[in-house]
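Visitor: Hi! Could you walk me through some of the rings in this one?
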Amino acid sequence: LGKNNLVILDSDHLWSYVLAEMLIYSGFVLPGGYMIVEDTILDPNKLETKYPEWWEGPKKSIEYFLRLQPEGTWEVDRTCEKNFFTFHSGGFLKRLK
C-alpha cells in the first residue's frame, strides 16, 4: 500500500452490514487515507419503502463506527463535500492515526 489510500463502501445498505464492512475495511486505510461511505443522504423518515431498516444503514453505521474507534483515530472530513452537495454527507472519513 502507498502513503495514502482510499476505500469506498457502496454495497448493501443495511446498517449492520455497512458497519461490518467498515470494521473490516478500516484496517486497510492508512493514516491520511480515506474511507468513503456512500449514500448517507438516504433518510428513512422521508422515504416510503417496505424495508425501512435498509435505508437507515449508511448514516447510522458511521455513528456506531465512530463510537467504537479510539478517540482521535478518525474524523468526518466535511471539506470533501464540495459545493455543499453530495450523496455522501458525513461519509468522508479520514484516518488520523
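Visitor: Is Phe-65 buried or exposed?
Guide: Phe-65 counts as buried, because its relative accessibility is 0%. Buried means under 20% relative accessible area, exposed over 50%, and partly exposed in between (1.4 Å probe, protein chains only). This is a predicted model, where local features need pLDDT of at least 70, side-chain atom pairs count only at pLDDT 80 or more, and totals for chains, interfaces and linings use all residues. Residues are numbered from 1 along each chain as its sequence is written, and side-chain values use heavy atoms, with hydrogens and water left out.
Visitor: And what about Trp-74?
Guide: Trp-74 is buried too, at 8% relative accessibility.
Visitor: How many aromatic pairs are there?
Guide: The count is 3. Rings of Phe, Tyr and Trp (its six-membered ring) pair if their centres lie within 6.5 Å; planes under 30 degrees apart are stacked, over 60 edge-to-face, and the rest tilted.
Visitor: Why is the pair of Tyr-25 and Phe-28 called tilted?
Guide: Their planes are at 40 degrees, so the pair is tilted, with ring centres 6.2 Å apart. Phe-65 and Trp-74 also form a pair, an edge-to-face one with 70 degrees between the planes and 5.6 Å centre to centre.
Visitor: Back to Phe-28, is that one buried or partly exposed?
Guide: Phe-28 is partly exposed, at 47% relative accessibility. Tyr-25 is partly exposed as well, at 37%.
Visitor: New topic: which ring does the charged end of Arg-67 sit over?
Guide: The ring of Tyr-64, with 5.1 Å to the ring centre. The rule asks for NZ of Lys or CZ of Arg within 6 Å of the ring centre and within 35 degrees of the ring normal.
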